[in-house]
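This briefing covers selected local and packing features of one protein chain. Please have the sequence and the coordinates open while reading.

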Amino acid sequence: MTQSLRPVHVIGGGLSGAEAAWQIARRGVPVVLHEMRPQRSIAAHRSADFAELVCSNSFRSDDASGSAIGLLHAEMRRLGSLVMRAGDAHKLPAGGALAVDRDGFAAAITAALEGERLIEARREEVSDPPLDWDSVIIATGPLTSPPLAETIGNLTGEAALAFFDAIAPIVHRDSIDFGVAWFQSRYDKTGPAGSGADYINCPLTRAQYDAFVDALVTGEKTAFRDFETTPYFEGCLPIEVMAERGRETLRHGPMKPFGLTDPRNPDVKPYAVVQLRQDNRLGTLFNMVGFQTKLKHGEQVRIFRTIPGLANAEFARLGGLHRNTFLNSPRLLDATLRLKAMPRLRFAGQITGCEGYVESAAIGLLAGRFVAAERLGEQPSLPPPTTAHGALLNHITGGHLETIDAGPRSFQPMNINFGLFPPLGGAARDARKQALCARALADLEAWIGGAIPHAAE
Ligand SMILES: Cc1cc2nc3c(=O)[nH]c(=O)nc-3n(C[C@H](O)[C@H](O)[C@H](O)COP(=O)(O)OP(=O)(O)OC[C@H]3O[C@@H](n4cnc5c(N)ncnc54)[C@H](O)[C@@H]3O)c2cc1C
């Protein structure tokens, strides 16, 4: 039967493309895997191997009963992931984290893919997938080569493809102190989808504001890499750059206090206000409006926890600004990651708006399963939203809110975190995490019906 099936073309042999190709071949569907290295390489990569890790060698926590990324590891193992098989085979001592020997890891993936008879590896750059490729996965990552990026930009419209992320921190709502913060929209405006009380507001006195500005200016920043020419746009400057421009700049920008009244202290106007806006449909995550930053992660936690109401804030994501090619996926992709405007094209990996090695591989895994099902004449089956795979997919294809009011596009890449899961009430935070993990693993089993799906033995 496989003889008569036309191949699926996977463009990009990174973390997501490698996993996607593996999943497709394991279902008996032929694949052509196009990877431009070593002929062509952009900045971060150094080798000709598939699934090269471009920076750290950590897959982060491996705790499947209390961490969202550990849960994703466990689910991927259960789904026969090649990336997890190679990671486990090449792990290094790293406490509770899964760290891998990067060369051994990439060599194992390369050998597995090159040894798989249904995969043909072609070392070439693809700039424009030919029309006779009727099923394509584009998995070219955050550093997609410019000619292909241009093709994608033409297909999706310029504004729908970003080349830099501008990430503001995201806070778990249940870690915000509502004895200090309050819900209110500026001037109680309702907007198209709002209630007049859509933002969480954290008030600062003059002394607190001055100390905060000083901390931003002196805080340690991350440098840009050589391939990242400074991508500042006046509309979304890093908060510390604004602070450096003048002591009052933030008060007249993202921290302006106008139109906001603390209900517990209505006669005293705050000197400045930090606003947080709902980030996902579940209402579990809120982003700090206008707080994109190049401060180091440790500095962000230290400085942002000095904001009244955020003393115990738990961050689902910290801020950043990087070269990063990614789509406005909630608008452009359907539930199985196909481009709505051209369904023969599917996307996978970081270009869809997830972040991280493991997350990129997980989305490759799903794209591979979806495309293989399609080729075999089956209906692709979506993972339950309660699983880590389902939660991540949902962030990409629909769970994220565009904006409550008019404003720039707000979809930004995200690591897996518990704020993306449908919440469970009651219990203390740690017990809740454990319950979310247990529910996810049980629902994953139900989804795969107890079968071991094409295991990466
Ligand atoms: C500099 C940098 C550092 C990062 N550090 C980390 C980190 O420490 N930890 C972490 O978890 N995540 C990190 N990331 C984030 C990200 O998760 C990884 O980049 C991850 O590898 C993304 O997987 P991917 O498969 O989407 O893309 P990639 O792994 O980058 O794979 C894309 C592949 O497509 C190929 N390609 C591109 N264009 C074409 C084309 N037109 N034709 C054919 N092939 C093409 C590329 O050569 C590459 O092999 C980092 C990202 C960058 C840019």
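Strand 15 (residues 320-327) is mostly covered, with 7 of its 8 residues buried; buried means under 20% relative accessible area, exposed over 50%, and partly exposed in between (1.4 Å probe, protein chains only). Strands (E, at least two residues) and helices (H or I, at least four) are DSSP runs numbered from the N terminus. The model is predicted, so local features need pLDDT of at least 70 and side-chain atom pairs count only at pLDDT 80 or more, while totals for chains, interfaces and linings use all residues. Residues are numbered from 1 along each chain as its sequence is written, and side-chain values use heavy atoms, with hydrogens and water left out.

**Strand pairing**

- Strand 15 pairs with strand 8 (residues 161-167) in the antiparallel sense over 6 bridges; two strands pair if DSSP finds at least two bridges between them.
- Within this pairing, Asp165 has His322 of strand 15 as its bridge partner.
- An open sheet of 3 strands has the order 3-5-4, with antiparallel pairing.
- Strand 3 and strand 4 are the edge strands of that sheet, each pairing on one side only.
- Strand 3 and strand 5 run antiparallel and are joined by 2 bridges.
- Ser61 stands opposite Ala97 in strand 5.
- Helix 3 lies across strand 3, strand 4 and strand 5, and runs at about 85 degrees to strand 5; axes are lines fitted to C-alpha atoms, for helices over the stretch in contact, and angles run from 0 to 180 degrees between N-to-C directions.

**Helix 4**

- Helix 4 (residues 102-114) has 13 residues, which should span 18 Å at 1.5 Å a residue, and its end C-alpha atoms are 18 Å apart, in agreement; the expected span is 1.5 Å times one less than the number of residues.
- Asp101 caps the N-terminal end of helix 4, with a side-chain oxygen 3.2 Å from the backbone nitrogen of Asp103.
- The buried residues of helix 4 are Gly104, Phe105, Ala106, Ile109, Thr110, Ala112 and Leu113.
- These buried residues pack against helix 1 (15-26), strand 2 (31-35), strand 3 (58-61), helix 3 (82-89), strand 5 and strand 6 (119-123); contact means heavy atoms within 4.5 Å.

**Nonpolar cores**

- The largest nonpolar core has 87 residues, and those with the most contacts inside it are Phe59, Phe105, Ile109 and Ile416.
- Helix 10 (residues 357-375) gives the most to this core, with 11 residues.
- Apart from this core lies another, of 34 residues, among them Leu237, Tyr271, Phe286 and Phe315.
- A nonpolar core is a set of buried Ala, Val, Leu, Ile, Met, Phe, Trp, Tyr and Cys residues joined through side-chain atoms within 4.5 Å.
- In soluble globular proteins, nonpolar side chains tend to be buried together.
- Leaving aside neighbours within four places in sequence, Ile416 is in contact with Arg60, Ala68, Ile69, Leu72, Glu359, Ala388, Ala391, Leu392 and Phe421.

**Backbone geometry**

- Most residues other than glycine have a negative phi, and most peptide bonds are trans.
- Arg60, in strand 3, has a positive phi near 70 degrees although it is a residue other than glycine.
- Arg60 counts as partly exposed, at 28% relative accessibility.
- Ala51 is not a glycine either, yet has a positive phi of about 55 degrees.
- Ala51 is placed in the loop between strand 2 and strand 3 and counts as buried, at 0% relative accessibility.

**Two loop residues**

- Arg186 lies in the loop between strand 10 (182-183) and strand 11 (199-204), and is buried because its relative accessible area is 18%.
- The side chain of Arg186 reaches the backbone oxygen of Phe258 at 2.8 Å.
- The side chains of Arg186 and Gln275 make a polar contact (3.1 Å); a polar contact is a pair of N or O atoms within 3.5 Å, where within protein one must be able to donate a hydrogen and the other to accept it, and residues adjacent in sequence count only if both atoms are side-chain atoms.
- Beyond its neighbours within four places in sequence, Arg186 is in contact with residues including Lys256, Pro257, Gly259 and Leu260.
- Gly95 is found in the loop between strand 4 (91-92) and strand 5 (97-100), and is exposed, with a relative accessible area of 78%.
- The C-alpha atoms of Gly95 and Val126 are separated by 41 Å, and the two residues are 31 residues apart along the chain.
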